[in-house]
Amino acid sequence: MIDQLVQLDTDLFLYLNNLGTTTWDGFWMFYTTKFNWIPFYAVLAFLMYKRLNTKMFILTLLVIALMITFTDQITNLFKKVLVMRLRPCHNEDIQGLFRLVKEYCGGRYGYFSGHASNSMAIAVFTSFMLRAKYKYLPYLMIIWAMAMGYSRIYIGVHYPLDVISGMLFGALSGFLFYRLDRYLQFRFRLS
């Protein structure tokens with residue numbers, strides 16, 4: 001059963017990855033680079049700041065930093081200790097069958113995707129945080145996070161199951177940390 005799932009995952013990876021063309025490589029490389037999204041994160045932070053007072057905003061930023069640290073560390077635990085599934089670029093069985101858009105593809109192991117996990121956690125957290133004021137923002141955020149996950153397949157560094165697992169973990173993390181933020185906001189308002 002596991003072997004069949006891994007083979008389906010590999011086949012889907014090869015199909016999706018090979019849909020790419022050199023015309024789109026630059027776009028997806030730009031999209032997948034975390035540094036390029038700093039202005040986007042700044043806009044989200046500004047929208048949260050407008051919604052909260054300074055003290056509560058700083059508390060929320062601390063919760064977000066904790067959330068990203070948590071998703072990153074759990075991702076690393078799965079990659080390097082628990083699962084240790086080779087990234088496509090380190091899998092000799094499929095070398096030459098897919099497009100690797102960038103020269104360095106990351107560490108040896110790739111299950112599950114940190115990019116997918118972190119971006120979905122941010123998407124879910126900010127969606128819950130800002131949905132009352134910006135009703136279409138959750139749709140934009142989920143599409144943004146899904147495209148981030150796809151970018152990892154496109155450039156050749158993650159299998160679809162790596163991305164889907166990362167998104168599911170990120171969504172759960174985003175919701176739980178949103179709940180933590182609401183709890184802390186309530187507790188600090190009373191004190």
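Which residues of the largest nonpolar core touch the most other members? In this predicted model, where local features need pLDDT of at least 70, side-chain atom pairs count only at pLDDT 80 or more, and totals for chains, interfaces and linings use all residues, they are Phe13, Tyr31, Met48, Met67, Phe125, Met141 and Trp144, out of 45 residues in that core. Residues are numbered from 1 along each chain as its sequence is written, and side-chain values use heavy atoms, with hydrogens and water left out.

A nonpolar core is a set of buried Ala, Val, Leu, Ile, Met, Phe, Trp, Tyr and Cys residues joined through side-chain atoms within 4.5 Å; buried means under 20% relative accessible area, with a 1.4 Å probe and protein chains only. Two or more residues come from each of α1 (2–17), α2, α3 (38–51), α4 (54–82), α5 (114–130), α6 and α7 (160–190). The helices are DSSP runs of H or I with at least four residues, numbered from the N terminus. The most residues, nine, are given by α5.

Helix α5 also holds Ser117, which is buried, at a relative accessible area of 0%.

Next come α2 and α6. The axes of α2 (residues 22–32) and α6 (residues 137–154) come within 9 Å and cross at roughly 120°. Axes are lines fitted to C-alpha atoms over the stretch in contact, and angles run from 0 to 180 degrees between N-to-C directions. Contact means heavy atoms within 4.5 Å.

Tyr31 is one of the α2 residues that meet α6. Leaving aside neighbours within four places in sequence, Tyr31 is in contact with Trp37, Ile143, Trp144, Ala147, Met148 and Ser151.

Notes:
Buried < 20%, exposed > 50% of the residue type's maximum accessible area, 1.4 Å probe, protein only.
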